[in-house]
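This briefing is meant for a reader who is meeting the structure for the first time.

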Amino acid sequence: MSTRDLLLALLALLCGAAALMLAALVIAATV
Amino acid sequence: MRIGGRAGALLVALAVALALPAAVWGHASLLATQPQASGVLAQPPTQVRLTYSERIEPRFAVISVTDAEGKQVTAGSPARAPDDADSIVVPVHKLPQGWYLVWWRVISADGHPVRGAFTFAVGPSPGPPPQFVIPSLGESAATTKLVGSRWILLLAMLAAIGLVAFRSVIARPLQVAGGSERALRGVALAAGGALAVALVAAPVYLVFATAEFSLRPWTDLGQIVPLVRDSGFGRAFSDLWAVLALFAVAAGAALALDRPGRARRTGEALLAIMGAGACAAAALSLPGLAGHPATTSPVGLMLALDWLHLAAASIWIGGLAGLLVLTAATEPGARVRTLALVVPRFSRAAMGSVAVLLATGIVASIVHLPTLGALWQTSYGLALIAKSALLTLALVLGAVNNLRSRPRLAAAAERRDQVLGDGAVRLLRRLVLGESALLAGAVLAAAILTSLAPPSSALAKLGSSDGKVGPGSVSRTFVRGGVRIQVGIQPNRAAIDNAFALHLEQGGKPVRNAQITAELDMLDMSMQQQAYTLAEISPGVYQRKRPALVMVGHWLLAYTIEIPGRTAIHLQVVDKADG
């Protein structure tokens, strides 16, 4: 378990959260 | 317990989908005009105002106001009305007495152009309405450039997401089997390549679409790029680009963390794959939000179906691409062993996704098609048939693979029979290639399908039509319940005053005092229904003059004839109006 792995995992999670938020914003603007 | 939990989750998802507010159907439609269509004004107007059923982006609206000679009389560009977001106004010069044609074209929320025309006159005595020529702007969202770039974007996006799923779930056991590092790296590289294509195709598609909306050449980038995010459609697709970029980062991290040799994922690898999954889920929701599902009631359900449809398609397409890459990147000696491990796993996933694809596709088609006949009568229906045919052929190839290649691979791997194995790999490769080509064709049909407007809901009323009339002036006689009904439409041309007349006779005598209403529905696209009553102008002759056929195309005229002392007579004709 290295710091690099943890940072990479956090980066991926952050990307996922940002993507979901963008989709939610589009849903809110459309529906 | 497990099954119960799944069913519960499904129910909750369905409830959420149904609880989302249902939008009204279809495309932007014109609700009101100022000046009133075909009205005669005492004072010249200073502007023309059009009110639509949804918010319209004025920068993509084209409103032309021309006089009888065809000269433009607008004094500026269209702008949103200060008091109403659904209305746009365009200023006009001081108009002299006479007739004017207003021709408009706006872009609906899903990126489809909608157009129409009407006339008005400035009085007090404008004279008879002239024969206006309606500008024919043969544009649609289905141009080669638009469909082509949309196709490449969709295909690359589905393949990229599917390849990542294939690499990190379906083909993952290869990691432990050893000796497959090169092949797995090949799959990851292919995913990266597909993502790169999608990341280029999205902006290209956006520029083409925005150029089409704003009627500019696409090379005019300086003018087009600032407009990209001015349409709901453009916003959704530029967000798709951002989400795909996020997916590239998250999937890269997830694949980097899942190192060869580990039978179980580490906690970090699991977190990263969740992040990539969230990005993929978001990306798969965006095409639907920029397309028909977002404007078709019930919106929540249609969006959920579209999401499932795309997710299933990506698993199938990405899996096939993954198998091809895997076969090519594995050393010939290790192919049989590799494929014998992966193919059965892919088969199971593919079967599940085919079931989801079919179920969601069928439900969506039932909602989008107002009648069964619309399937072969409209270009939307024909694209749907093409897509279904290609999918069916792909399914046949998949079934042959499942019944022939898979058992042969298993037997060859078990008996270590090189000859049998080579034959099985060759057969598998050929079938998978064919299946991939067919699926790419099906995605092309889907790209065309989503660029076409779904048939008008008025088509549902066509089944009971009593006859087809036009083009050109109409005089057709029907007999209903002993009453001779002569239907007249003069001169039956779009956008000008037409006389809608009925002559009623029974036993050679005119039928008097009937109440007649005529309802007009545009069949070629979704527009507001119009209803008029016909006045008795002489015994048994009922007439109304309106420029009701606001555009060229097919109109459904539904007459309700109420004669005192008898049940109402319904008569429906389909009229084709020319310009």
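**Overview**

In chain B, residues 24 or more positions apart account for 72% of the contacts with a separation of 6 or more. The model is predicted, and the points below should be read with that in mind. Chain B contains 12 helices and 18 strands, whereas chain A has one helix and zero strands.

**The two chains**

- The C-alpha trace of chain B spans about 95 × 55 × 45 Å along its principal axes, and 48% of the 579 residues of chain B count as buried.
- For chain A, the C-alpha trace spans about 45 × 10 × 5 Å along its principal axes, and buried residues make up 35% of its 31 residues.

**Where chain A meets chain B**

- The contact between the chains draws 31 residues from chain B and 20 residues from chain A.
- On the side of chain B that touches chain A, the elements giving two or more residues are helix 6 (232-257) and helix 7 (267-289) of chain B, and by class this side has 25 nonpolar, four polar and two charged residues.
- Helix 1 (residues 3-30) of chain A has 28 residues, which at 1.5 Å a residue should span 40 Å, and this agrees with the 41 Å that separates its end C-alpha atoms.
- The buried residues of helix 1 of chain A include A:L8, A:A9, A:A12, A:C15 and A:G16, and the buried residues of this helix pack against helix 6 and helix 7 of chain B.
- One residue with contacts in both chains is B:A272, which, leaving aside residues up to four places away in sequence, touches A:L8, A:A9 and A:A12 as well as B:A250, B:A253, B:A254 and B:L257.

**A four-stranded sheet in chain B**

- Four strands of chain B form an open sheet in the order 1-3-6-5, with antiparallel pairing, and its edge strands are strand 1 (30-34) and strand 5 (79-80) of chain B, each of which pairs on one side only.
- The covered face of strand 3 of chain B consists of B:V48, B:L50 and B:Y52, while its uncovered face consists of B:Q47, B:R49 and B:T51.

**A buried loop residue, B:I56**

- B:I56 is found in the loop between strand 3 and strand 4 (62-67) of chain B, and it counts as buried because it has 26 C-beta neighbours inside 10 Å, where 20 or more are needed.
- Not counting residues up to four places away in sequence, B:I56 touches B:A28, B:A61, B:D86, B:I88 and B:V106.
- B:I56 and B:L246 are 190 residues apart along the chain, and their C-alpha atoms are separated by 31 Å.

**Strand 12 of chain B and its partners**

- Seven bridges connect strand 11 (residues 483-490) of chain B with strand 12 (residues 498-506) of chain B, which run antiparallel, and B:Q490 stands opposite B:A499 of strand 12.
- Strand 12 of chain B pairs in the antiparallel sense with strand 16 (residues 541-546) of chain B over six bridges, with B:R544 in strand 16 as the bridge partner of B:F500.
- Strand 12 of chain B pairs in the antiparallel sense with strand 13 (residues 509-510) of chain B over two bridges, and B:K509 in strand 13 is the bridge partner of B:Q506.
- The hairpin of strand 12 and strand 13 of chain B has two residues between the strands, and in it B:G507 takes a positive phi near 55 degrees.

How values were computed. Residues are numbered from 1 along each chain as its sequence is written. Chains are lettered from A and ligands numbered from 1 in the order in which they are written. This is a predicted model: local features need pLDDT of at least 70, side-chain atom pairs count only at pLDDT 80 or more; totals for chains, interfaces and linings use all residues. Two residues are in contact if their C-beta atoms, placed from the backbone, lie within 7 Å. Ala, Val, Leu, Ile, Met, Phe, Trp, Tyr, Cys and Pro count as nonpolar, Asp, Glu, Lys and Arg as charged, and the others, Gly among them, as polar. Two strands pair if DSSP finds at least two bridges between them. The expected span of a helix is 1.5 Å times one less than its number of residues. A residue is buried if 20 or more other C-beta atoms lie within 10 Å of its own, exposed if 12 or fewer, and partly exposed in between; C-beta atoms are placed from the backbone.
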